[in-house]
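Colleague: I'm new to this one, could you walk me through it?

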Amino acid sequence: MISSTACYPLNALRRCTSLASAAKRIHSSCVQILPEVAEALRGGRPVVALESTIVAHGMPYPQNLELAKDVSQILRSKGVIPATIAVKNGVFKAGLHHDEMEDLAKAGEEGRAIKCSTRDLPLAASSYYRQMHHKNLMNSAVSRETRWGATTVAATMRLAHAAGIVTFVTGGTGGVHRGGELSLDISTDMIELSRTPVIVVSAGVKSILDIKRTLEVLETFGVPTGAWQSDDFPAFFSPVSGVKAPATFNDAMDVACAWAAGRDLGMTNGMLVAVPNYDPAGSNVEAAIQEALKDASSAGIEGRDVTPFILRTVAEKTGGDSLRSNISLVKKNAMVGAEIATAVSSFSSCSFNVSTRTIQSLELPRSGVTKSRVVCVGGSVMDIVAKPNIDGRLIIGSSNPGKIHHSDGGVGRNVAEVLGRLGSKPIFYTAVGNDEIGRGILRRLSQECGVIANEETTEVVDHIGTAQYYALNDHSSDLVGAIADMDVLSHIPIPSISDLEGVEFLVLDANLPVERAMEASRRGVQAGCKVCFEPTSVTKSKTLVLFDFLRFVTYAFPNEDELLAMANIFVSDEVISDGESGVEYKDLEVIKHAAGVLLSKMKSDGQIVITLGKRGVLLAMNSHSGEAPVYIHFPAEVVADASSSNGPGDTLCGAFIHSLLTGRDSAAAVRFGMEAAVLSLRHESSAISPLLSSLSLNKYMTPEK
């Protein structure tokens with residue numbers, strides 16, 4: 001029996017750091033990791049890998065999708081990040097967006113998903129690697145339907161390890177088939193457990209297999225194996241198999257300590273934790289399996305023919321019991337796996353150091369031929385905010401105890417991060433100084449947010465530092481004063497017409513110098529892009545309007561003050577008046593009037609998304625018939641726990657564009673954008689919430705015409 005008192009001391013655990021980290025560095029660059037998962041790994045937070053075969057082939061749609069959502073929710077409720085492992089169009093993935101998960105769930109029945117074991121991974125990825133070799137990835141990837149490689153236990157282990165994920169939850173593991181001593185029919189799961197350091201949490205081995213010989217093979221391969229809170233090794237549908245478990249894990253710390261001890265010894269194999277399934281439906285299935293085994297023996301069925309015969313017979317005898325029991329045991333395994341992942345992560349800073357691992361970013365090849373459907377051009381800024389302690393008052397001219405907070409900012413950067421976290425893979429053009437601040441901003445965008453930003457799209461200026469904004473707030477978070485060091489932003493590069501060919505949306509913020517903004521928008525229109533404009537500030541946006549910049553713009557995202565300034569409408573204490581005609585308006589009507597003024601200067605299909613603070617959002621659109629503009633008001637949700645006002649507007653902009661890229665109409669895009677903005681409004685530590693990657697567009701459907 002494993003006891004938690006056998007846990008190694010911390011100084012001993014540290015000795016395996018270099019081995020574990022080195023193993024991860026060897027493989028990690030081949031896997032694209034969902035930004036939410038990458039952020040959790042870097043922060044040492046628990047992550048659990050999930051296989052994709054059970055989604056694509058384990059059960060029919062939509063039960064498979066519902067189970068995937070339930071399992072993810074179980075993990076999240078315990079503070080654990082789920083990471084479904086799969087192969088998408090030849091790309092190894094660790095973590096899927098909601099839209100990807102739904103497509104995977106349908107792909108099995110539609111014949112777009114193949115079952116991938118370890119041997120199949122190189123074959124499934126060969127087309128992607130060929131495209132990368134010819135530097136023509138995006139041109140071919142966007143033209144064909146999405147095809148999936150649904151990973152088995154073995155393949156999931158290999159890719160989870162490559163991504164740096166230690167704990168993996170599944171239904172059941174393979175083993176030695178009955179008659180395997182003659183047929184040599186042994187699951188690849190056994191081989192992978194012998195060579196890949198991942199903790200596999202399953203419901204044991206199905207009794208259609210030879211459980212006793214399976215445990216003997218695991219012993220031969222040196223795989224630590226035990227049952228969860230039981231002395232009997234479970235048989236998938238049944239909590240008992242009649243075979244004694246090699247070891248018993250009483251709790252998650254037992255597993256974590258045994259795992260740490262193995263790493264300290266330099267062992268590179270996996271570990272199997274078998275969780276008993278006590279669901280009543282499982283008993284009926286197990287009884288049917290035993291009857292089928294007797295029938296096979298009586299009929300003289302042997303070798304590789306035994307397993308298919310048993311599966312057919314059990315399906316006929318049990319009806320829906322096997323499906324119900326399967327769903328139940330997967331959920332139970334998820335609960336146990338969450339506990340284990342949490343316990344293992346408590347050692348992360350000592351023995352499972354993922355912070356030194358290089359997580360793959362979607363980098364722009366040096367040739368510059370990679371394409372994206374959306375390009376962002378704008379500022380990258382380090383925001384630094386100082387605030388005295390809550391119980392203290394700011395004393396001018398003296399040193400004040402308090403907190404200083406650093407966060408990545410800049411309107412263009414923020415919008416790019418939103419698009420990246422939502423899965424749109426934007427290319428980002430910006431300028432930074434030749435310093436660690438600038439390199440850090442770009443590194444985090446690429447590695448944690450899925451944004452294409454590197455030396456090909458960035459102007460690195462030697463004699464000017466990266467843009468920084470220093471704000472001094474009082475104890476109530478009201479601004480006392482600020483200094484903006486933004487000189488480097490005058491060097492922001494702009495993409496060429498050839499770079500913009502095939503791009504659907506070009507997003508510009510007002511940090512660009514006027515002449516560069518004008519030229520970038522002209523190139524965008526010539527290349528066939530929809531130009532999107534994020535005003536950034538009242539002064540900057542008004543300057544661009546004076547140069548007739550709006551004639552290139554299809555979408556604009558001002559707040560109320562920026563809109564009024566751009567439309568040259570002045571506000572007094574009591575009334576709001578048009579600076580040109582002197583006509584007075586009140587309330588929302590003046591906003592509509594200002595929007596109409598700007599729409600008349602924009603493209604014929606122009607639209608303006610105006611943020612109105614607590615009053616919500618106003619969508620203003622040019623009419624296709626040439627009549628008066630169309631206005632739609634979206635009331636705001638009451639957010640009692642708002643923590644930040646730095647990123648919601650930029651979040652709305654990025655989420656709106658992401659929605660359009662998925663085929664939604666503008667009204668659906670605004671609703672999704674507002675939901676996304678609320679997450680950033682509630683997120684205190686940075687402008688953009690990392691939880692954006694958990695959002696789903698499924699409920700925001702465009703009505704059929």
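Modeller: What follows covers the nonpolar cores and then the salt bridges of this predicted model.

Colleague: Which residues touch the most other members of the largest nonpolar core?

Modeller: In that core of 104 residues, Val37, Ile165, Ile199, Trp228 and Ile340 touch the most other members, and helix α16, residues 321–345, supplies the largest share of the core with nine residues.

Colleague: What does Ile199 touch?

Modeller: Leaving aside residues up to four places away in sequence, Ile199 touches a set of residues that includes Phe168, Trp259, Met271, Ile340 and Val344. There is also a second, separate core of 49 residues, with Val375, Met518, Leu550 and Val590 among them.

Colleague: Switching to charges, how many salt bridges does the structure hold?

Modeller: The structure holds 25 salt bridges. One of them joins the side chains of Lys331 and Asp70 at 3.3 Å, N to O, and because Lys331 lies in helix α16 while Asp70 lies in helix α5, the pair ties together parts that are 261 residues apart in sequence.

Colleague: And where do Arg522 and Glu519 lie?

Modeller: Both lie in helix α20, residues 514–527, three residues apart, which is about one turn of the helix, and their side chains meet in a salt bridge of 2.5 Å, N to O.

Colleague: Is Lys530 buried or partly exposed?

Modeller: Lys530 is partly exposed, because its relative accessible area is 31%. Its side chain meets that of Asp605 in a salt bridge, and since Lys530 is in strand β20 and Asp605 in the loop between α23 and β25, the pair ties together parts 75 residues apart in sequence.

Colleague: Which residues are linked in a network of salt bridges?

Modeller: Glu39, Arg413, Glu417 and Arg421 are linked in such a network.

Note on methods. Residues are numbered from 1 along each chain as its sequence is written. This is a predicted model: local features need pLDDT of at least 70, side-chain atom pairs count only at pLDDT 80 or more; totals for chains, interfaces and linings use all residues. Side-chain values use heavy atoms; hydrogens and water are left out. A nonpolar core is a set of buried Ala, Val, Leu, Ile, Met, Phe, Trp, Tyr and Cys residues joined through side-chain atoms within 4.5 Å. Buried means under 20% relative accessible area, exposed over 50%, partly exposed in between (1.4 Å probe, protein chains only). Helices (H or I, at least four residues) and strands (E, at least two) are DSSP runs, numbered from the N terminus. Contact means heavy atoms within 4.5 Å. A salt bridge is a side-chain nitrogen of Lys or Arg within 4 Å of a carboxyl oxygen of Asp or Glu.
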